[in-house]
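The account below goes from the whole to the parts.

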Amino acid sequence: MKNAMGIILTGGNNGRMKELSSIRATAAVPVGGKYRAIDFILSNMVNSGITNIGVLTQYNFRSLMDHLGTGKEWDLDRKNGGLFIFPPYLSDDSSGWYKGTADAMYNNLTYLRRSSQEYVIVSVGNSIFKMNFEEMVDYHIDKDADITIAYRDMSDLYHEDLALLGIVSVDKDHRIIDFEEKPLRPKGTLGSMGIYIMRRELLIDLLEECIAHGNYDFVKDVLIKKLNSLRIYGYKFNSYWRSVSSIKMYYRCNMELLDPDVCCQLFVDGGKIYAKVKDEPPAKYNDEAEVTNSIIADGCIVEGSVENSVLFRGVTVKKGAVIKNSIIMQGSVIENGASLQNAVLDKNVLITEGKNLTGDQEWPIIVGRKTIV
Amino acid sequence: MSKTEMIALLLAGGQGSRLGVLTKNVAKPAVSYGGKYRIIDFSLSNCINSGIQTVGVLTQYQPLELNAHIGIGKPWDLDRMNGGVTILSPYLKEEVGEWYKGTANAVYQNIHFVDKISPEYVVILSGDHIYKMDYSIMLEEHKKNNADATISVIDVPVDEASRYGIMNTDQKGRIIEFEEKPKNPKSTLASMGIYIFTWEVLREYLLKDNEDTQSENDFGKNIIPSMLKDGKNLWAYQFSGYWRDVGTIQAFWESNMDLIQRVPIFNLFDPTWRIFTPNPIKPAHYIGPNGNVKTSIVTEGCMIYGVVRNSVIFPGVFIDENTVVEDSIVMTNSKIGANSYIHKSILSENVIVGNDVKIGVGESVPNDIKPSIYYCGITVIGESSYVPDEAQLGKNVVIDRFVTTDDYCSLHVPSGKSVFKGGVCD
């Protein structure tokens with residue numbers, strides 16, 4: 001798809017991700033054994049033939065920049081287009097820190113102006129899903145819409161998680177007639193996926209107008225205010241989609257990846273999901289290993305028992321250790337006889353011999369990076 | 001370092017015919033090994049880990065897979081502006097085209113490649129071996145000894161010494177005699193087929209060797225002996241670590257099995273000496289609710305619902321419920337149905353095994369067509385072949401590449417028998 005470019009918004013931090021995002025942008029949160037959340041939107045864009053992608057980043061972006069590098073893993077190390085990373089900057093006509101999503105894009109208007117594609121797909125960076133944007137662009141053109149917003153029936157989410165999304169209402173023709181950002185009492189279950197398609201020229205105009213009026217947020221100050229004056233349509237998405245925007249959602253999403261149907265939807269059908277390569281050797285199981293219903297990444301050494309869990313690359317589970325319903329990130333070590341239940345361990349955590357950590361089924365216990373328990 | 005001090009020439013043209021159906025369509029260096037690698041990855045990774053950034057790979061036999069695997073050398077960081085990896089295949093000269101006649105001839109035909117870079121030293125490697133070695137330390141020795149050639153050697157058991165090229169050295173390690181497969185070996189230092197030459201000297205001997213119509217144009221048989229005869233300064237460099245020539249089905253299987261030991265004698269987990277390979281773009285592997293894996297290595301993209309014991313499982317392998325895989329090697333993207341039992345077998349890439357199948361059962365009878373290749377009880381299934389539902393395959397059975405269910409004369413293939421593509425039934 002040569003006529004569309006991508007903008008990925010990864011700026012905001014999110015207190016609801018607790019320790020997991022205190023050291024990284026939510027888009028850089030590790031998911032599913034070897035991925036980071038942003039791998040999904042990036043791969044979706046690349047699989048849809050989009051080769052000019054800008055990533056706007058602000059909060060703790062070092063881990064994100066480290067992950068993305070030159071974009072090699074996504075085939076985005078290009079002479080024309082490719083991957084652009086935009087952290088905030090200071091200059092005569094720039095304000096430094098991004099004050100909101102619209103402000104972030106406005107600060108990089110030059111990039112938008114210099115790009116040649118007719119359409120731009122603006123997306124958040126922390127959703128776990130597989131989607132082909134070619135169909136959505138066709139739909140956008142077909143509807144003769146000014147802006148098209150992807151939405152999905154979110155009745156499979158917890159009720160309180162709905163309040164973290166934008167809730168939309170559509171008419172029979174799928175035109176969006178109401179949009180409430182993070183409502184306290186959601187009126188329906190149709191949630192915005194945070195993906196918007198419009199013509200590049202229109203986006204530039206909208207941003208200039210928004211900033212000129214002293215506003216900064218793309219959803220509140222542009223989309224919602226223009227609901228009546230612009231033709232804003234909804235594009236209904238029906239497959240698996242999760243946003244890692246709270247600990248509960250994050251935990252649940254990882255556990256759902258243990259379902260082979262979800263796994264197939266994400267990783268097998270319709271294109272690959274690319275991630276940074278680590279060159280780890282195959283995972284090694286020793287005599288005492290008892291692993292069931294779990295995802296195990298390369299570079300793991302397993303001698304203990306693992307059930308309903310996700311082990312990231314290079315995790316070591318020693319003899320007699322028992323892990324249930326847990327997510328163990330890269331490089332963590334679980335020593336002999338330790339026991340974990342409903343736990344999320346960030347990178348390089350050490351659980352020493354015989355220690356016992358148990359979280360709640362819905363509220364896992366979180367252990368911060370490099371912690372020694 | 002403005003000038004390239006040493007380059008590597010990797011001889012990857014051999015078929016490795018004793019690997020049977022595994023090398024029917026690919027050169028031996030391209031054979032899959034160790035859960036995600038190919039044999040050549042070890043030499044290539046050794047190069048980059050030793051700081052060698054210019055590598056010529058000399059190919060001849062079935063180079064397609066090898067070329068695709070190496071590409072522009074990206075996985076090994078060998079995609080360079082200066083140097084990097086270059087595939088050197090036989091080519092047409094002004095009047096005649098010529099295959100590589102021997103290892104030395106292969107290098108002779110690429111003298112212009114080396115001259116263009118004009119390094120001080122070249123290291124000649126074969127892409128056939130599994131080992132980790134720092135060639136820069138060997139080069140230090142070479143320079144310290146002011147040697148014309150340094151040959152890497154390994155101590156082998158006395159009773160096996162007659163299978164190798166044996167170096168007899170003085171006390172300091174200078175080579176005084178070289179014997180190819182001697183009946184009564186005087187030492188146990190076997191050549192590993194790794195040579196560092198001072199390029200100027202090697203160049204001269206390559207030209208001389210090419211003039212000699214009697215020569216077999218081989219490093220071991222011709223170049224080294226004639227250097228010794230001329231009193232050149234040749235040294236042995238003793239290597240002590242894991243080194244295997246996985247040239248037979250048995251050796252290949254054993255070396256793979258070395259990786260699944262609790263503390264493997266060959267460690268792939270060393271972060272300071274990683275082995276690089278093109279990574280499969282697949283999710284982390286999944287073990288199902290009734291799955292069970294012990295004493296095995298498993299790679300990305302696998303779905304394991306059955307039982308796996310003492311095995312090496314490559315990317316994208318699917319093993320269904322109630323199936324047991326033991327003492328086996330299952331290569332990329334192979335699928336094994338339910339209620340099956342697979343014992344001591346090698347399944348190549350993209351093999352499809354049906355339900356209720358038994359493989360590798362019964363008494364061990366050497367293969368009746370190729371007893372010298374398939375005799376050690378291991379059944380081998382060639383790439384993209386089918387094993388139909390309810391089939392029973394004995395030991396030392398060979399299934400050719402691309403065999404379909406129609407090619408089976410009977411669902412019962414006794415030990416030592418073979419099934420060929422389009423085969424005729426008795």
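This is a predicted model: local features need pLDDT of at least 70, side-chain atom pairs count only at pLDDT 80 or more; totals for chains, interfaces and linings use all residues.

Chain A contains eleven helices and 30 strands. Its C-alpha trace spans about 65 × 45 × 35 Å along the principal axes. A compact globule of 373 residues would have a radius of gyration near 21 Å, and the 21 Å of chain A therefore agrees with that expectation. Of the 373 residues in chain A, 59% are buried. Among contacts in chain A with a separation of 6 or more, 58% are between residues 24 or more positions apart. The accessible surface of chain A is about 14400 Å², and carbon and sulfur atoms account for 46% of that area.

In chain B, helix H6 runs over residues 199-211. From first to last C-alpha, its 13 residues reach 19 Å, close to the expected 18 Å. The buried residues of H6(B) are B:Trp199, B:Val201, B:Leu202, B:Tyr205, B:Leu206 and B:Asp209. Viewed down the helix axis, the buried residues of H6(B) fall within an arc of 150°, so they line one face. An α-helix has 3.6 residues a turn, so residues three or four places apart point the same way. B:Glu200 and B:Glu211 are exposed on the other side of H6(B). The cover over the buried residues of H6(B) includes helices H3, H4 and H7 and strands E6 and E11 of chain B.

Helix H8 of chain B, residues 249-258, is mostly covered, with seven of its ten residues buried. These are B:Ile249, B:Phe252, B:Trp253, B:Ser255, B:Asn256, B:Met257 and B:Asp258.

Key: Residues are numbered from 1 along each chain as its sequence is written. Chains are lettered from A and ligands numbered from 1 in the order in which they are written. Side-chain values use heavy atoms; hydrogens and water are left out. Helices (H or I, at least four residues) and strands (E, at least two) are DSSP runs, numbered from the N terminus. The expected span of a helix is 1.5 Å times one less than its number of residues. Buried means under 20% relative accessible area, exposed over 50%, partly exposed in between (1.4 Å probe, protein chains only). The arc is that of the directions from the helix axis to the C-beta atoms. Contact means heavy atoms within 4.5 Å. The radius of gyration is taken over C-alpha atoms; the globule rule is 2.2 Å times the number of residues to the power 0.38. Accessible areas come from the Shrake-Rupley method with a 1.4 Å probe; for residues, only the protein chains shown count as cover.
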